[in-house]
Amino acid sequence: MGELWGVLEEHLPEFASGLWVTFRLVAASFLIAMVVGTAVAALRVAPARWLNRIGGVYVETFRNVPLLVLLIIMFAGIRRGGIAIDPWVAGIASLGLYTAAYIAEALRSGVFAVGKGQIDAALSLGLTYGRTMRRIVLPQAVRTVIPALSSLVIAMIKNSAIVGASLVALPDLLKSARQVQADTFQTTEVFFWAAIGYLLLTVTATLVFRHLENTYTIKR
Amino acid sequence: MECKPRWLLIAIAVATLFASLALTACGSDDEEAEDSAEAPDVAVEEFPADTTMGAIQEAGEMNIGVKFDVPPFGFNNPQSGEVEGFDVDLGRYIAARLGVEPVFREANSDNRIPLLVDGTIDLILSTMTITEERDLEIDFSEPYYVANGDVLVPSGSDIQALDDLNGNRVCTALGSTYQETIKEEAPDADLRLVDLYSQCLELIQTDAVDAVSTDNVILTGMVIQDETLELLGLNYTEEPYGAGIPDGDTEFKEFVDESVQQYIDDGTWEASYEEWVGQYIPEDQQQGPPDITLEEALKLFPL
């Protein structure tokens with residue numbers, strides 16, 4: 001036990017800076033994932049078939065490529081192509097766009113859960129398609145998908161460890177922990193605290209989503 | 001008791017199935033390489049079964065952890081499909097003294113000590129600098145090579161001295177001695193730590209880092225692969241390499257030490273050096289076998 005606390009005390013700055021990097025990475029990726037995911041979901045349920053197709057291509061591309069491969073393409077690939085992409089940009093874009101594909105699918109299922117009658121009604125009342133989406137469908141869709149979104153965000157927080165472990169080499173929580181481990185060889189203790197660090201983030205996310213769920217879910 | 005629940009049997013059967021699947025999968029993946037090169041011509045000695053050497057002879061093969069991405073010490077040559085290099089030559093020699101097949105497994109700076117401790121590999125020959133910190137976890141053989149710390153930059157870079165690393169992005173491997181050394185020598189360097197040295201090469205080629213710092217022999221390997229890079233020749237640290245031996249296994253350590261000594265004495269060291277290092281560097285930079293002892297080496301990287 002003594003050693004457990006000793007490692008934390010001695011290397012708190014490293015753990016803290018790693019956690020902060022992971023937090024920023026996850027927060028920025030979440031923003032991108034939500035914005036892009038919503039846009040893609042809208043494409044996928046749009047009334048024009050060619051728009052559906054574009055959304056479908058997006059989802060299948062980003063969902064079917066392993067995150068690690070995406071990271072290598074986004075970072076090394078783009079840099080080899082002559083564009084000096086920043087590691088942060090590459091990491092956030094990869095994780096955000098990857099998660100966006102899943103969020104789009106979750107939102108799409110939410111949209112389909114809203115009765116078609118409501119859409120027909122809104123359109124026949126003279127609302128534009130965009131307005132129908134924004135005012136009628138998406139608010140209800142988001143409600144039904146909050147539990148699914150919660151799982152996706154937790155998965156994204158855990159996936160962020162891949163960004164640090166990849167070529168992109170951001171000094172995230174896992175990387176900081178491995179650095180401490182290489183210094184001290186206290187494998188069990190170091191990764192115990194790394195796990196606690198990730199738990200802090202995932203549990204916080206879970207609580208936020210549970211709160212959202214309680215606030216917005218349609219009571220049945 | 002003889003009527004233990006049937007699920008236990010089923011669970012064991014399923015576990016066995018998965019284990020055998022996993023083993024077959026392991027047998028064919030790239031992390032291990034059967035060695036088909038001809039065994040060096042050395043006298044084979046028989047050892048009692050209760051020694052590590054005896055156990056290895058019993059098994060008929062010796063698992064050796066080498067690098068797979070660090071020419072000219074340990075690299076998986078895509079043309080021949082073989083692992084080759086200076087470390088690999090020494091490993092082959094030690095296995096030949098036991099009369100067994102060497103099996104080379106990938107062991108990088110970050111995972112080599114855990115692999116040795118958990119028994120996946122019998123010996124580490126992975127460009128590993130002897131340090132007191134590592135000596136707490138494992139034992140070292142007498143030094144078999146002495147590398148020097150150096151810095152690799154793109155030709156024409158502004159970085160010309162160690163001090164210039166401050167404020168620049170510097171790549172090295174996670175778990176290497178340089179993780180600490182660079183922090184001491186250039187505290188304001190923006191350190192990028194990766195798992196493999198080949199990733200450092202990728203990063204410097206794409207201008208994602210400004211310099212790579214590690215052992216000169218590893219960096220020489222990168223210059224051979226990419227002539228637009230250049231070595232500064234700073235030689236700012238001395239890094240004696242030792243073979244990694246399980247902690248406290250004195251008989252095995254004696255055997256490995258003897259092997260290293262014999263390797264040097266019978267001229268195999270020189271031949272391997274010439275093949276992997278000597279021919280690529282100017283004559284005045286070439287070196288002979290190490291004249292430093294393990295005790296002296298440990299003092300270079302104290303706790």
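A residue is called buried when 20 or more other C-beta atoms, placed from the backbone, lie within 10 Å of its own; 12 or fewer make it exposed, and counts in between make it partly exposed. By that rule, helix H7 (residues 197–205) of chain B is mostly covered, with 8 of its 9 residues buried. The model is predicted: local features need pLDDT of at least 70, side-chain atom pairs count only at pLDDT 80 or more, and totals for chains, interfaces and linings use all residues. Residues are numbered from 1 along each chain as its sequence is written, while chains are lettered from A and ligands numbered from 1 in the order in which they are written.

**Helix H7 of chain B**
- Helices (H or I, at least four residues) and strands (E, at least two) are DSSP runs, numbered from the N terminus.
- The buried residues of H7(B) include Tyr197(B), Cys200(B), Leu201(B) and Glu202(B).
- Just after H7(B), Asp207(B) has a positive phi of about 60°.

**Contact with chain A**
- Chain B gives 13 residues to the contact and chain A gives 11; a contact needs C-beta atoms, placed from the backbone, within 7 Å.
- On the chain B side, strand E11 (190–194) and H7 each supply two or more residues.
- E11(B) has the largest share, 3 residues.
- This side of chain B holds 4 nonpolar, 4 polar and 5 charged residues.
- Nonpolar covers Ala, Val, Leu, Ile, Met, Phe, Trp, Tyr, Cys and Pro; charged covers Asp, Glu, Lys and Arg; the others, Gly among them, are polar.

**Domains of chain B**
- Domain 1 spans 33–144 + 242–291 and domain 2 spans 148–238, with bounds from an automatic or database domain assignment.
- Their centres, taken over C-alpha atoms, are 26 Å apart.
- Domain 1 puts 14 residues into the contact and domain 2 puts in 15.

How values were computed: Contact = placed C-beta atoms within 7 Å.
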